[in-house]
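Please look through the sequence and the structure shown here before reading on.

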Amino acid sequence: MLASSFRIASSLVRPAAAIRTFASGPASGGEISDEMLQKLGSLSTQALVDGLWVMGWPSAQIDGARPLAPSMKCVGRAVTLQFVPARPDIAQDKPAGGESPEYEAFELCGPNEVLVMASVGPWESVGGDIKFLRLKQREIGGLVTDGSVRDTDEIINYGFPCFAYSTTARQGPAAMQPWRCNEVVNVSGITVRPGDAIIGDQDGVVCVPAKAADKVYSIAHGREVIEDIVKEELTKNPGPPGKFYPFMSGKVKPESPLGQLLATKGITPENSNQFEGTADW
């Protein structure tokens, strides 16, 4: 009788291995050196987009972020902040005051960081002059959001680059609350991981994945060199650019007009990954 009871009881106990657990991958995809960060920042956003496209990576341009003022340019490693729609329990459970996730993110930022704020909507405010005064004090490398910002004139006066969907007079807390710092975020449909390179100029903002940064630079820099040579040639000898452009990185034929032009500048398959058969990605 005792043995029978034991068997029944045992059958009701599930082994620990049968309990399903969930896990997530690492937030960061790698590290980018200060030297590589400067190199990436020296390139245009369109060259970086082209480099990622050639490698087969998905779109990396954050379309919902535009410079708050002309000539703004930012470069830095991403520090991310995720907002979530407002709800009474969210407001109650979120760490209060200086412990709020947004202030945690602020303190992680400096000259080589760009704060990436993932909004719940394009017209919701992610902050204004009082909050962002701290970003000025931290000498932040830039702020990027697919939401909007308040107190526009004051933020421009702060001097740090700011890229946002738009400006607004709305208060943010009525619509959303900061919830997570330095996790993977979705910004206008673009995945941004902490530590990714964020580069912004007048054409928009691009996220270069940390894991691919070195190769993206190699391709993008090579493309910009070629484009400069083509522009120089067309300036000296005006004519339609179709003779040389557009071109595909890794597929330039040495015998083509572009290939022959590059050879006069010392760029050949022996020292460039832009030619047919030389792609190293």
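This is a predicted model: local features need pLDDT of at least 70, side-chain atom pairs count only at pLDDT 80 or more; totals for chains, interfaces and linings use all residues.

## Helix H3 and what covers it

Helix H3 spans residues 45-55, and within this helix Thr45, Ala47, Leu48, Gly51, Leu52 and Val54 are buried.

After H3 comes Gly56, a residue with a positive phi that is near 90°.

## Glu124 in a loop

Glu124 sits in the loop that runs between strand E4 (113-118) and helix H6 (129-137). Its relative accessibility is 16%, and because buried means under 20%, Glu124 counts as buried.

When residues up to four places away in sequence are not counted, Glu124 touches Ser119, Gly147, Ser148, Arg170, Ala175 and Met176. Glu124 and Gly172 are 48 residues apart along the chain, yet their C-alpha atoms are separated by 5.7 Å.

## Thr278 after helix H9

Thr278 belongs to the segment that comes after helix H9 (257-264). With a relative accessibility of 19%, Thr278 also falls under the 20% limit and therefore counts as buried.

Once neighbours within four places in sequence are left aside, the residues in contact with Thr278 are Pro269, Ser272 and Asn273. Asn273 also takes part through its backbone oxygen, which the side chain of Thr278 reaches at 3.2 Å.

Terms used
Residues are numbered from 1 along each chain as its sequence is written. Side-chain values use heavy atoms; hydrogens and water are left out. Helices (H or I, at least four residues) and strands (E, at least two) are DSSP runs, numbered from the N terminus. Buried means under 20% relative accessible area, exposed over 50%, partly exposed in between (1.4 Å probe, protein chains only). A polar contact is a pair of N or O atoms within 3.5 Å; within protein, one must be able to donate a hydrogen and the other to accept it, and residues adjacent in sequence count only if both atoms are side-chain atoms. Contact means heavy atoms within 4.5 Å.
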